[in-house]
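Thank you all for coming; I would like to walk you through one structure, and I ask you to keep it on the screen while I talk.

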Amino acid sequence: MAEGETMPVAKERALAEAIKSAAEQAGIYIESYGRTSNVVLSEDEVNILSRGIVEVLNKQYDEPRYFGNTCYLRVTITAMVNTDNIEALRQRFQSGALAIDLKRMQAVYEDCQQDIKKLKAQLAQASGNKKKDIVQRIAENERRYRIAGLIEQGYNSAVQENYEASVQAFTQAIDLDQNYAFAYFSRGNAYYELQQLDAALADHNKAIALDPAYDYAYYSRGVVYDNLNRCDLALADYDQAIAINPNNVYARNNRGIIYARDGRYDMALADYNKAIALDPTITNVYDNRGNAYFALGQYQQALADYEQSIRLNPSCQEAYQSRGQAKSILEQYEPAIADFNQAILLGLNTTHVYRNRGMAHHQLARYQEAITDYDKAIQLDPSDAINYFYRGVSKYGLKQFEAAIADCDKAIELNPGKLSDTYFYKGLSLVYLQRAQEAIDALRLYIRYGNEADRIEFAKSIIIQLEGMLQAGYK
């Protein structure tokens, strides 16, 4: 400590240095994780993750030691390296601009530390009014350092998903500097995670008013607008973020998502391609580009993107499901099932993954396995008509015609007139049960709603046969 410094902030500086030292040692665990998990980690990501896995268990300050006008502080910490949440942390960094925010925050810290060293050196040589000026600058440095500490505290809380504490820390930073755009931006992101969208929007508006060239504030406000179903305003904000910073990967990725949602796949692909060129390590951009290729029927290109996503992040549940869907379309059913299995093993528990696996089992004539998957899909979402339809088709494959009809009826009840094939399989099941008039009625509904020419002709031919049988006296 030197003249102008205060004891509380000096203790914070000492503690920060200790944590930084521990994080540097923890870096070896991050690097080992990357090698063993076959995950590509950038240098910045290693540095940030290292801080995220260090947990201070206790700290002990020695008595201050004084030499002339200088006071020396020493703190000893015991820290634990908690590697359990490395993957969760990495996923959070990849889901948005969090890594960039943390890097910016650390830069402020380092700037304050370097600045205070220079000011202390100058103070030792100064006198009179010059000395007073340096003491004032030291006090200002402390204020900036305290703000940086609160910002870090807020981000640490956000990483642990304690967003209420995060909001509190950012609010304290704003109280110290009400013109600090980054603090409003950071609090806005925390409010967004709490789904307090109006508060998030207000903070991003304030950040933009204070710093109209802050591209990430436009990006984050765009995310809020998107969640408010104001896609027009979201798109405008992504456009503005990219106009300010053409290298804003996240704005390009999100703009691509909006373009794809609107069916403008060429524009979406252009944004995804640019984002990947700027940063080829962000997995969800490959997922999104793969989805665009999938929607365009370019399944091999989609498959290649899903595979790259998995190479970069072998723990990505959605990438395995998406790759499984692409493989199913390409009639690679066994590998598709293996991908769906992996997605479920990693914790994906959605109606879609079980339905997709059921469909692959059905294609391999494993009807009972398919029915088991559809049962699970229906348990997760009893209101989804398509799950009942597919289960009915598999029951038809097992010649369980009454059960197949019951599922078709349920699908029709939930979504009348939409799943045209439901009427077709119901009709066929009724044919096998020799319920001719009911079969004719179901097949006529298929002809009304269906759009497959060959199947419609087949249904017509069956109706002709059934009508002939009825005229001949059969029931």
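Let me begin with a term: a residue is called buried when its relative accessible area is under 20%, exposed when that area is over 50%, and partly exposed in between, with a 1.4 Å probe and protein chains only. This is a predicted model, in which local features need pLDDT of at least 70 and side-chain atom pairs count only at pLDDT 80 or more, while totals for chains, interfaces and linings use all residues. Residues are numbered from 1 along each chain as its sequence is written, and side-chain values use heavy atoms, with hydrogens and water left out.

With that term in hand, please look at R435, which is partly exposed at a relative accessible area of 27%, and at E438, which is also partly exposed, at 40%. These two residues, E438 and R435, form a salt bridge (a side-chain nitrogen of Lys or Arg within 4 Å of a carboxyl oxygen of Asp or Glu), and their closest N and O atoms are 2.9 Å apart. In general, side chains of opposite charge can pair when their charged atoms come close.

Which residue forms a salt bridge with E334? The partner is R366, and the closest N and O atoms of this pair are 2.2 Å apart. Because E334 lies in helix α16 (residues 333-345) and R366 in the loop between α17 (351-363) and α18 (367-380), the pair ties together parts that are 32 residues apart in sequence; helices here are DSSP runs of H or I, at least four residues long, numbered from the N terminus. E334 counts as partly exposed, at 42% relative accessibility, and R366 is partly exposed too, at 26%.

My next pair is D271 and R255, a salt bridge whose closest N and O atoms are 2.7 Å apart. It links distant parts of the chain, with D271 in helix α12 (residues 265-278) and R255 in helix α11 (residues 249-261), 16 residues apart. Are these two residues buried or exposed? Both D271 and R255 are buried.

Finally, let us turn to S166, which lies in helix α6 (residues 163-176) and is buried, with a relative accessible area of 0%. Leaving aside neighbours within four places in sequence, S166 is in contact (heavy atoms within 4.5 Å) with G154, S157, A158 and A190. The C-alpha atoms of S166 and S186, which are 20 residues apart along the chain, are separated by 8.9 Å.

Technical notes
Helices (H or I, at least four residues) and strands (E, at least two) are DSSP runs, numbered from the N terminus.
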